[in-house]
Amino acid sequence: GGAFAEQGSLRFKQEGLKGKASMLRVSNPSALRLTTFTFETFVRRSSYAEWQVIAVMPGRLTTDAGEKILNWDSWGIRFTEQNRLHVRFTNPAATPSANVGDFNKTIMSPAKENVPWFNGADGSWHHIAFSVDDATHTVKIYIDYRLVTTENLGFSVGYFDGSDLYLGATLQTAGPFDGYLAQTRISDTVL
């Protein structure tokens, strides 16, 4: 991974077992509601034992009963317990009562044995990215500038009313990130 000082980076910290965590929230970022885009950042993790949110733009759907569902992602990227990258999207055409496989699409980075040069738990800085090409519905995941996964999403990324962008955690604080992010950006091009 690259060499960065913690100075100038964002520090996210878990605070105990009750889900308290630091996060950065960008309210209703309409300019970031892109269907063709790249999300990228440099990351250095401080703990590794659980799922950790890097960035998420959660969806807010209303069911037939009028309840709000906040945990369906327009898109989101996380580390899994196995240090794999997990990128999830919600199909905007599906309903919350649909089969979860029709409603959500998850794309994962390969297992450790297939990316032996990457150890997200090594305390080093790593570049991670994913891109979405709306014309082809293709999602690509990159680790340390290397393409590690290409998969068809099958639908266009959709956004929901009032979606905010969160770095480090969500309102539910499920799986808060513990570590540093630097040079985080979303661009309207694909890698």
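View 1. Asp 164 sits in the loop between strand S12 (146-152) and strand S13 (165-167), and Arg 25 in strand S4 (residues 24-26), so the pair ties together parts 139 residues apart in sequence. Strands (E, at least two residues) are DSSP runs, numbered from the N terminus. This is a predicted model, where local features need pLDDT of at least 70 and side-chain atom pairs count only at pLDDT 80 or more, while totals for chains, interfaces and linings use all residues. Residues are numbered from 1 along each chain as its sequence is written, and side-chain values use heavy atoms, leaving out hydrogens and water.

**View 2. Glu 40 and Arg 185 form a salt bridge**. Here the closest N and O atoms are 3.2 Å apart. Glu 40 belongs to strand S5 (residues 37-45) and Arg 185 to strand S14 (residues 179-187), so parts 145 residues apart in sequence are tied together. Glu 40 counts as buried at 11% relative accessibility, whereas Arg 185 is partly exposed at 40%.

**View 3. Glu 151 and Lys 105 form a salt bridge**. Their closest N and O atoms are 3.3 Å apart. Because Glu 151 lies in strand S12 and Lys 105 in strand S9 (residues 104-108), the pair ties together parts 46 residues apart in sequence. Glu 151 is partly exposed at 30%, and Lys 105 is partly exposed at 22%.

Methods: Helix = DSSP H or I, 4+ residues; strand = E, 2+ residues; numbered from the N terminus. Salt bridge = Lys/Arg side-chain N within 4 Å of Asp/Glu carboxyl O. Buried < 20%, exposed > 50% of the residue type's maximum accessible area, 1.4 Å probe, protein only.
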